[in-house]
Amino acid sequence: MMESLQKLGKALMGAVTVMPVAALLMGIGYWIDPTGWGANNLLAAVLIKSGGAVLDNLGYIFAVAIAFGLAKDSNGAAALSGFLSFQTLLVLLNADTVAGFKNVDLAALATMDPQSQEVLDWVSQGWGAVGPKNVLFVIAAGLLAAWCYNKFHRTTLPDFLAFFSGRRLVPIMASVLSIVLALVLYFVWPLLYSLLFNFGEWIQGLGALGAGLYGFANRLLIPTGLHHALNQIFWFDVVGINDIGNFLGGSATIEAAKAATDASSCAGNWVNGTCEVVGVVGRYQAGFFPIMMFGLVGAALAIYMTADPSKKKVVGSLMAAGALASFFTGVTEPLEFSFMFVAPMLYLVHAVLTGISLAIAAAMHWTAGFGFSAGFVDMVLSARNPLANKWYMLLVMGVVYFFVYFGIFYFLIKKFNLKTPGRGEDEETEENEGAILASDSDYAVMASQILKGLGGKEDIASLDYCATRLRVVVADPALVDEPEIKKAGVSGVIRPSQKSVQVIVGPQVQFVFDEATAQTS
């Protein structure tokens with residue numbers, strides 16, 4: 001179960017990685033024309049519209065990425081099937097089509113009082129939320145398409161239908177089975193939407209506390225890779241929160257707020273008949289900036305300062321690389337995995353401090369947003385977004401958080417003699433001193449060392465990767481030698497299950513994966 005969920009998380013990352021480009025384009029566009037949405041500048045219009053080409057069609061991108069990522073051999077037929085499956089669901093279950101099935105006159109509803117029972121009954125069913133950004137439909141379509149590929153890509157048909165055998169059969173089966181899935185969702189979606197909408201409203205109703213609880217849970221789920229699933233609810237358009245999309249919408253979100261008629265059409269807080277979005281939209285993102293840009297950098301310094309003198313050089317290079325990645329790009333896994341399992345007390349503190357950061361930012365209405373993660377690049381790009389409210393206070397809070405993290409981590413490591421990197425973990429004797437590969441070693445050498453520690457290529461049952469980790473399933477877990485793997489200079493090794501091994505490489509993981517694949521083929 002866990003392995004399957006982790007594979008889904010990895011497939012989702014394939015779609016998430018395309019967002020930084022869109023965010024970069026839109027961010028520069030906003031920087032040029034922060035109030036006109038490109039209306040006052042041709043270059044800004046081109047950049048914003050180009051970014052919107054990605055963000056407005058995330059559903060299709062996610063569907064293709066999930067199907068492609070979960071297919072046994074990542075074939076293009078699976079990606080095509082994901083697109084067709086999602087499109088079939090949208091066509092059969094969009095508001096206009098369902099209104100026809102139910103004999104509902106949408107034009108008449110539009111003229112009624114938004115608080116009338118007829119309108120509320122229709123809105124509560126959630127058909128208006130079925131569109132190119134509906135992440136739940138995306139996941140369903142992607143999973144179905146991947147299953148169709150893995151099930152039918154080698155199916156042979158009788159001679160007179162032989163042309164449609166194998167991979168050509170996959171999109172056909174995905175389209176047909178998507179009709180069945182649409183029928184199921186026709187009955188399930190209204191119930192599910194009601195539950196999710198109420199859950200989202202409950203969190204939103206908790207205000208700053210809800211943002212804090214989300215931030216705490218987000219960090220706790222990092223070791224499992226399931227934080228991506230939680231993020232879908234708050235960052236994308238699953239239950240109407242869509243914090244990233246609405247924030248990047250900027251001026252368009254503000255205009256939509258002015259036209260909102262009730263809580264369901266309000267992207268922020270519906271208070272006394274008005275929709276508040278400035279200082280509200282972005283609250284599920286803003287509190288991450290002090291953590292990723294400053295807090296974890298302070299933690300890295302504490303880990304370096306408490307390392308054994310003989311190991312400070314190695315620990316320093318590891319912490320410096322992780323700190324730079326966290327500060328500039330918001331990629332935190334190299335740092336988090338360096339202490340997550342060797343000192344879980346520190347990780348729990350980290351999760352609590354993250355929750356507090358999100359709660360403070362939300363309570364003070366300090367907002368900023370990101371297209372990828374809460375690093376310096378996204379902070380700069382979001383600064384001129386009209387929804388960025390007192391964003392500079394996040395930097396002030398970040399400086400405070402740097403010292404809070406440094407002080408707490410330094411104290412706890414010393415007080416409880418926690419075995420963070422460089423503190424007695426290398427008890428394999430002096431024969432391993434200096435055995436870690438040089439930082440400029442090429443990826444082929446790193447891959448070779450990792451494979452050696454995994455028991456050799458004969459012990460590899462499957463090999464994959466996500467944003468920063470190699471994900472490996474081994475045939476014989478007894479052959480895995482973690483100290484040997486760590487000689488490759490990786491950030492860490494974790495064992496989610498008996499045969500599952502994850503090697504924390506960092507942002508360059510794809511190149512190590514490519515070399516490892518070549519060496520095992």
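Predicted model: local features only at pLDDT ≥ 70, side-chain atom pairs only at ≥ 80, totals over all residues.
1. K311 is buried, with a relative accessible area of 12%; buried means under 20% relative accessible area, exposed over 50%, and partly exposed in between, using a 1.4 Å probe and protein chains only. The salt-bridge partner of K311 is D308, and their closest N and O atoms are 3.8 Å apart. D308 counts as partly exposed, at 26% relative accessibility.

2. Residues are numbered from 1 along each chain as its sequence is written, and side-chain values use heavy atoms, with hydrogens and water left out.

3. A salt bridge here is a side-chain nitrogen of Lys or Arg within 4 Å of a carboxyl oxygen of Asp or Glu. By this rule there are 6 salt bridges. Side chains of opposite charge can pair when their charged atoms come close.

4. E336 and R219 form a salt bridge, at 2.6 Å from N to O. The pair links distant parts of the chain, with E336 in helix α17 (residues 333-339) and R219 in helix α11 (residues 208-220), 117 residues apart. Helices (H or I, at least four residues) and strands (E, at least two) are DSSP runs, numbered from the N terminus. E336 is buried at 0% relative accessibility, and R219 is buried with a relative accessible area of 5%.

5. K258 and E255 also meet in a salt bridge, at 3.4 Å from N to O. Both lie in helix α14 (residues 251-259), 3 residues apart, so about one helical turn separates them. K258 is exposed, with a relative accessible area of 63%, whereas E255 is partly exposed at 47% relative accessibility.

6. Strand β6 (residues 500-504) is mostly covered, with 5 of its 5 residues buried. In a regular strand the side chains alternate between the two faces of the sheet. In β6 both faces are covered: S500, Q502 and I504 are buried on one side, and V501 and V503 on the other.

7. Two strands pair if DSSP finds at least two bridges between them. Strand β4 (residues 469-474) runs antiparallel to β6 and is joined to it by 5 bridges, with V473 opposite S500. Strand β5 (residues 492-494) is also antiparallel to β6, through 3 bridges, and V493 has V503 as its bridge partner. β5 and β6 form a hairpin with 5 residues between them.
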